[in-house]
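Please keep the model open as you read.

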Amino acid sequence: MNVPNASLSPFVLLADPQHYVACNWDLGADEPSRVHWVGFFKTHFQMMLKLALTELQSEGLSAETATRNCLAAANELDGVLTAYAEDPRSTRWGGRVTILTLDRWRDAILRRYGIRDAFASLKRRENEGALPELAWVIFMHEALPTGIERCQSLIRGVFAGNIFDMGAEATSGRFLNGSVSFSSLLGEIKPRPWLIDDFDLLTQRWLSTEANRWQKIVYFIDNAGGDFLLGALPLIRQWALEGREVVIAANERPSLNDMTVHDVFDLWPRIIAIAPELSAVKIVSTGTGEPLIDLGSVSDDLNVAAAHADLVVLEGMGRGVESNLDAAFHCDVLNIAILKDHIIARRHGGTLYDCVCQFKPARANVR
């Protein structure tokens, strides 16, 4: 169902690209999970199409044409998912089917019917709502002394921002009809110890001596709104202030409410006006377009920008837990996310809204 773009290549920092597996959750061999994800994708697609109907009309399509396109997309995805559920071992699927596979099926169908970015208006609304809070969030972190206390505040901020996720079962409904304040989201973050809690090891490396410090960091961003603007950016800004080179890696194509590289560029002049310390940050396209990420096929621009980086940050449940939690790199790696689906949480021995802060130093990454 999906043919990789031949111009893409494995991520330069993967320790073993030949044996790399983006997502090892084989839904064909896990019937309860397969039932869950097929049902979720069918239900969630209906919500997406309600948004898409408005987007298509705002782009100039008639109500009749927009409705016809959305119904055709719904019927096609329903047919594919039903056929897969009935015969998951068929050779028709081209091998192992994972959540990443379902993402690709869905997004290919959306684009086939002209639905480029169903969440465009919602992303704009959330970005416009979050941007004025950026200065306050920066002040909140800077009011704390440098060191472990500020580090923990910044990491908790990433968790809080990551709650804004339109692709997750527990959170998508919360943001459909209005924004949720960032301060209230901060209040929802569970105390330490988190489900996966390598924060002490992370800060030991983060606050290490000049000779051992990170020089370059590649940060794979996730969702729009509070996630990117109030969670990721204050952390990225802190690293920029510490003299580190930071590369922001963002999707090329729209998927759910994820920030694309084009969304970032559109907002960047206004972000720099608030936080000029970010002006040296580099922004690159991953070349990809799913909420999970297959690091086996990324853009040349990303690979050039990421060369010789000391730290990779994979933020979000999709990029950092559903995919790449076990990936090995030549450098340090931080997988950071909040769990917003009960099946994913249970798979990792946790519950909804558990926090993942997994840090693996470079020496532990190379198998």
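Beyond its neighbours within four places in sequence, H348 is in contact (heavy atoms within 4.5 Å) with L195, V321 and L325. The model is predicted: local features need pLDDT of at least 70, side-chain atom pairs count only at pLDDT 80 or more, and totals for chains, interfaces and linings use all residues. Residues are numbered from 1 along each chain as its sequence is written, and side-chain values use heavy atoms, with hydrogens and water left out.

**H348**
- H348 sits in the loop between helix 14 (342-347) and strand 7 (355-360). Helices (H or I, at least four residues) and strands (E, at least two) are DSSP runs, numbered from the N terminus.
- L195 is 153 residues from H348 along the chain, with 8.5 Å between their C-alpha atoms.

**Helix 10 and helix 11**
- The axes of helix 10 (residues 226-241) and helix 11 (residues 261-274) come within 13 Å and cross at roughly 65°. Axes are lines fitted to C-alpha atoms over the stretch in contact, and angles run from 0 to 180 degrees between N-to-C directions.
- The two helices are therefore roughly perpendicular (65 to 115 degrees).
- F228, L229 and L233 in helix 10 meet V264, L267, W268 and I271 in helix 11.

**Helix 1 and helix 2**
- Helix 1 (residues 31-58) packs with helix 2 (residues 63-86) at about 170°, their axes 9 Å apart.
- This pair is therefore roughly antiparallel (over 145 degrees).

Key: Angles under 35 degrees count as roughly parallel, over 145 as roughly antiparallel, 65 to 115 as roughly perpendicular and the rest as oblique.
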